[in-house]
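This briefing concerns the structure displayed below. Please read the points that follow alongside the sequence and the coordinates.

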Amino acid sequence: MSGEGRSLPEKALELRGHIITMNCHAGSGHPGGSLSAVEVVTYLFNEEMNFSPGNLDDPARDRFVLSKGHACPVLYAALAQKGFFGTEEFKMLRHVGGMLQGHPDRLKTPGVEFNSGSLGQGFSFALGCALGGKRAGRGFRVYVLLGDGELNEGQVWEGMMFGAHYRLDNLVAVVDYNKYQSDDLCSNVTALEPLAEKFTAFGWHTMEIDGHSFQEIGDAFKEARTVKGRPSVIIAHTVKGKGISFMENNPVWHGSLAPQGEERVRALRECGLEDIG
Amino acid sequence: MTTMREAFGEALIELARTRDDFVVLDADVAGGTGTAVFRDAFPDRFIQCAIAEQNMMSVAAGLSTTGVVPIVTCYAVFASMRAVEQARNSIAYPEFNVKVIASHLGLDVGPDGPTHQAIEDIAIYRAIPNFRVVAPADPFELKKALPVILDTEGPVYMRTGRSPIPYVFDRDVEFELGRGKVLREGMDMTIIAVGVMVHRALEAAEILEGEGVSARVVNMSTIKPIDRELIAESASRTGALVTAEDHNVIGGLGGAVSEVVTSTVPVPVECVGIRDRFAESGDPNDLAEKYGLTAEAICAAAKRVLERKAAVSAGG
């Protein structure tokens, strides 16, 4: 299941299949915000990060923190694809005794760094990792994925000041800007915009990309490596539910549910799968 | 007399001279928590986190993965309420090796008033799985407790203090996490006290002796995990307990002791503490007087509990 030798789009399609599969096994979960982050996560795990089952205990390895913890199916899919555990674990997502919790648990799931799910905390945790890495003279980089709704949390903006103050150029934050949060469009909930200007004003190197374009994702991570003296943030414009036609931009699929009947067949087919196995 | 926060700052400096495995995080209150002297002595090991306690708690969790033990310091109101959800989800649940050490506790805070008088922190922290809760009784015990909690893997919450406090121990005092200590033997009843109330409990035992009551005094400086054996043994030996704490009577030491007593040796328990209300600004000793945290208040509770004990015996 290492996925070696396949193209990034092929690996991304497999992640989508994994997400829908475990979503169906669980009967709940957050498919919309998992699917929107697939390309960013695929790129990070395959091209950007020095992180694999073989170097899990290496203090110098890179770290990925899923601060939008409810999107853990995309993390579990990527970890399974990298060989941290087998896809048979998908059957137990959100079930008693399973290693895959409804939100990530670092003590239960190999490859998970942090018990995220309470929004804003993964971001601050990542800042602590980045500061600790600098203090210890370890060259690792820290990648943290935030949701757009997550940016409502005051803790994120405390962290934005902290990251700039400590000049954490070994950290890259990515905002999965799929425009929808739990109940509604982000723009109907609070004044997130102007977002790029906010990050810039907080002292972060700010980039905006199409979060489904591997070319733009790659360019942004390469640019972040050249930035010195301040952290970088990538605003990745994405589509909630990306890749499953009836889920795209439909806020219903943010929440805790799984496709049933005909929708289930259709979702799996769009990922190239016949059944959940 | 010195203050617990001064003792904390000194203890940090003494420890830092012999071990390089910890860092101190502060939320722009180094003057208040006593860490300013550490900041000046070891600036490279002091991490200013600004007035942003929630970020500080989660940052500490991240730092703990990079080979250091973070000591988060701030006022107890913020450690136990403003940022407690971060302490729970970023530190306790993932079991990171972070120590949270808070000053500004109960009426010992004094003139800053109720916004800064934490009277709930013991109840809150002891309800969080994986957190241990410690509250030393004097500067010497605090200095002995600090290296022990640093050497104890996992989350620990410790109370220090703000106002001058008399010494209860000498500098050779031993601290063992999870163990209470009998400071004075007695047969008629036991006073179990914590923090600033320990010296008042000893004073109360002295007064009681003059009135013909023999009171055992226990310093319960670890509130979680609590010393069940010592509580049960005290209950069985003396038949009546009084708890004393600078904290709400709900959920703190009194709650913890009562939970043990009801499931081991059920005896009458009276709880001395703040009676579920917000206090006010004032000198800590005046506040202790007004809100019932004095040696005299402990004596009054002792008499109540002895009456109940007698009634139980008569009824039995």
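The model is predicted, with an ipTM of 0.96 and a pTM of 0.97. Chain A holds an open sheet of 5 strands with parallel pairing, and an open sheet of 5 strands in chain B has mixed pairing. Chain B is divided into two domains, domain 1 (2-165) and domain 2 (181-315).

**Confidence**

- For chain B the mean pLDDT is 97, and 100% of the residues of this chain reach 70 or more.

**The sheet of chain A**

- The strands of the open sheet in chain A follow the order β1-β2-β3-β5-β4.
- At the edges stand β1 (63-66) and β4 (205-210) of chain A; each has a single partner strand, so one side of each lacks a neighbour in the sheet.
- On average, neighbouring strands of this sheet are turned by 20° against each other, direction ignored.
- Strands β2 (residues 142-147) and β3 (residues 171-177) of chain A run parallel and are joined by 6 bridges.
- Across this pair, Leu145(A) is placed opposite Val174(A) in β3(A).

**The sheet of chain B**

- The open sheet in chain B has the strand order β9-β11-β10-β13-β14.
- Its edges are formed by β9 (181-184) and β14 (269-274) of chain B, each of which has a single partner strand, so one side of each is left without a neighbour in the sheet.
- Between neighbouring strands of this sheet the average turn is 25°, direction ignored.
- Within the sheet, β10 (residues 189-193) and β11 (residues 215-219) of chain B run parallel, with 5 bridges joining them.
- Met189(B) has Ala215(B) of β11(B) opposite.

**Helices against the sheet of chain B**

- Helix α10 (residues 228-238) of chain B lies across β10, β11 and β13 (241-248) of chain B, and runs at about 175° to β11(B).
- Helix α11 (residues 253-263) of chain B contributes buried residues Leu253(B), Gly254(B), Gly255(B), Ala256(B), Val257(B) and Val261(B).
- The cover over the buried residues of α11(B) includes strands β10, β12 (222-224), β13 and β14 of chain B, together with helices α7 and α10 of chain B.

**Domains of chain B**

- The C-alpha centres of domain 1 and domain 2 of chain B are 26 Å apart.
- Their contact draws 28 residues from domain 1 of chain B and 32 residues from domain 2 of chain B.
- On the side of domain 1 of chain B that touches domain 2 of chain B, at least two residues each come from α7 (121-126), β6 (132-134) and α8 (139-151) of chain B.
- That side of domain 1 of chain B comprises 15 nonpolar, 6 polar and 7 charged residues.

**The interface between chains A and B**

- Across the interface, 22 residues of chain A are in contact with 22 residues of chain B.
- Helices α5 (121-135) and α6 (154-165) of chain A each provide at least two residues of the side of chain A that touches chain B.
- The most is given by α5(A), which supplies 10 residues to this side of chain A.
- By class, the side of chain A that touches chain B consists of 11 nonpolar, 9 polar and 2 charged residues.

Notes. Residues are numbered from 1 along each chain as its sequence is written. Chains are lettered from A and ligands numbered from 1 in the order in which they are written. This is a predicted model: local features need pLDDT of at least 70, side-chain atom pairs count only at pLDDT 80 or more; totals for chains, interfaces and linings use all residues. Two strands pair if DSSP finds at least two bridges between them. Helices (H or I, at least four residues) and strands (E, at least two) are DSSP runs, numbered from the N terminus. Axes are lines fitted to C-alpha atoms, for helices over the stretch in contact, and angles run from 0 to 180 degrees between N-to-C directions. Two residues are in contact if their C-beta atoms, placed from the backbone, lie within 7 Å. Ala, Val, Leu, Ile, Met, Phe, Trp, Tyr, Cys and Pro count as nonpolar, Asp, Glu, Lys and Arg as charged, and the others, Gly among them, as polar. pLDDT is the predictor's confidence in each residue, from 0 to 100. Domain bounds come from an automatic or database domain assignment. A residue is buried if 20 or more other C-beta atoms lie within 10 Å of its own, exposed if 12 or fewer, and partly exposed in between; C-beta atoms are placed from the backbone.
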